[in-house]
Amino acid sequence: MAFVLTCSDLSKSFGSDVIFEHISFQLEENEKLGILGSNGTGKSTLLKTIVGEITPDSGTVTLASGKKLGYLAQYQRDDLSGNIYDIVLSARQDLIREEEELRDMESKMSTVSGEELNRLLESYHAKSEAFEARGGLFFRSEAGGVLKGLGFTEEDFTKSFNQLSGGQKTRVSLGRLLAAKPDVLLLDEPINHLDLHSIEWLETFLSNYSGAVIIVAHDRYFLNRTIDHALDLSMHPAHLFTGNYKAYTEQKRDLEVTLEREYEKQQKEIAHQEAVITKLQSFNREKSIKRAESRKKMLDKIDRIEKPVEEETGMHLVLEPNSRSGNDVLDVSDLSKSFDGIKLFSNLNFHIMRQERVAILGDNGTGKTTTLKIINGLLPADSGKVHIGTGVTIGYYDQEQQNLNEDATLFDELQNAYPNLNNTRVRSILAAFRFKGDHVYKKIRDLSGGERGRVSLAKLMLSGANFLILDEPTNHLDMESKEILEEALNAYTGTLLYVSHDRYFINQTAQRILEIHPDGLREYLGNYDYYLQKKAEEAEAASSGSGSAASAAASENGVLSNTGEENASGNKDSGLDYQEQKKRKAARKKLERALSDLEEKISSKEERISEIDASFEDETVAKNSAKLNELTQERSKLEEELEDAYSKWESLSMELDGE
């Protein structure tokens, strides 16, 4: 397949600052490339270089003949005029003109006859076929579909562009670009102003997009679902990886280990050769000096491997509880909360056991953060109870960072919270979170969002709590810091409850998901991918009209409802109550363990029977009547035990299926 875009040896500097060097890659049709790298590595600058807004110091950008390129910058022009539907539709001026030509030809047909009419009809049919082939019958509905996918309603279509907020204007600009269907689509942070439903729509759109796409984005889940190649500008030189975001992280980790080993191996060889040269020179004889010179020339010709660049690490974060809690960590029963007469939620019931990792999801305004604040005693509930288990110590991460003293320095913030720490220990902890030198004396009020987050995580680490409650912990963190936090949480031996919009973070850390609704919650026994799968199954079942069957299937497949409302049959959703659900889950796990043990026993006995059968073929065994008798008896006993095991296995399987 031919390349639609080729970038060769691109380099760019601003003054003495080198932004990127020697960037080369090629894109085929339908390929999706993510441009990755820490802040300052030139991701947006590279996009601007490709579209011609910035001239490179060296290198070339080649777009294949006849191909179109489209670009969405982070910051959009706001001087467009007209209503938003017409603005998006204007991306297809080519089809609008062709449509007008066809209408003109249709009008002419009523005024001509004979040979002229035949010629006009022939031309009309040819142009009509070309118009249809280029999407002429659907481009108007596609424009509307794009706007709806990006979160606009049909009532919004007539809104004037200058009536919109900045985020809405960016969405219209994105819609106009998508409707244009360029051969190469460049997107710089395209989801900054999109809600979750619009992001999911865009992910599907880009996955099915027939052109090539280049994306700069910080949302790892979005990248994971859209890209099939990744260009990492943080590496020197920049390196191209194949696969989605997860594949990229795995390949990069392996490559870094390989490069480090190759560098160390070459350094050892160089050191060895230099030692030999020095020794030969020390002999101070003509032959030894010539040999030394010969070796030195060979050494000078070696293509030296550049020392792998050690990137600035985001944080050194270790989360470990000082004490172990009891098995029952948190019990929430019949919780409800309203503000100014508007109900956030009611009938919230859930239980959390030691070492569970639970994420709370829900639409904006459903009370996720409020729930965490009630659990922490920062807000009163209208009704219901929150019971904290025996031996539980809570560490709370507040997304609003209200637990930080605005007038304190970083140093004072840690020392005031933990007065037993000496000055050296405070400085070393702050250094582990990338606060070094005089930065430790910065005031909290002067910190960025990301810096505030790192300070709160440092305090959380020092708390030694065995139950962490986190509200949007990845907000303002860069990609590397998010990954470090994920690793720390996955290694944490305490219990975790959090609210997050970061889908990749949820996927990496959650074992159970609680989705809050105004009338209760639904529980999904898995990570974010599992949650999406079950939501899709529920939607499909609902659209087919099999609601009650879907509810039963959902309960069997790790989806539990907890609204406290009764269904049409008069039974509580998904069982009697939470305690009953918990007992059923425990019973099911017990059955699964028993079934697994039986399967191991069956496998072991079958292997032994195979060994005995093989030994019967052995000549020495065949001539030994005592040994033959012993093996025959053992085999007979194994067959009986195996028959019994099979019967038990079938019985347990049926019991598990009926659970």
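Me: Is Ala212 buried or exposed, and what is its relative accessible area?

Reply: This is a predicted model, in which local features need pLDDT of at least 70, side-chain atom pairs count only at pLDDT 80 or more, and totals for chains, interfaces and linings use all residues. Residues are numbered from 1 along each chain as its sequence is written, and side-chain values use heavy atoms, with hydrogens and water left out. Buried means under 20% relative accessible area, exposed over 50%, and partly exposed in between (1.4 Å probe, protein chains only). Ala212 has a relative accessible area of 0% and is therefore buried.

Me: Where is Ala212 found, and which residues does Ala212 touch?

Reply: Helices (H or I, at least four residues) and strands (E, at least two) are DSSP runs, numbered from the N terminus. Ala212 is found in strand E7. Contact means heavy atoms within 4.5 Å. Leaving aside residues up to four places away in sequence, Ala212 touches Val4, Leu27, Glu28, Asn30, Glu31, Asp183, Val184 and Leu185. Of these, Val184 is 28 residues apart from Ala212 along the chain, with 4.7 Å between the C-alpha atoms.

Me: Where does Gly211 lie, and which residues does Gly211 touch?

Reply: Gly211 lies in the loop between helix H7 (196-207) and strand E7 (212-216). Its relative accessibility is 7%, so Gly211 counts as buried. Beyond residues up to four places away in sequence, Gly211 touches Asn30, Glu31, Lys32 and Asp183.

Me: How is the packing of two helices described?

Reply: Two packed helices are described by the angle between their axes and the distance between the axes. Axes are lines fitted to C-alpha atoms, for helices over the stretch in contact, and angles run from 0 to 180 degrees between N-to-C directions. Here the axes of helix H12 (residues 410-417) and helix H13 (residues 423-432) come within 10 Å and cross at roughly 120 degrees. H12 is therefore oblique to H13, given that angles under 35 degrees count as roughly parallel, over 145 as roughly antiparallel, 65 to 115 as roughly perpendicular and the rest as oblique.

Me: Which residues make the contact?

Reply: H12 contributes Leu410, Phe411, Leu414 and Gln415, while H13 contributes Asn423, Val426, Arg427, Ile429 and Leu430.
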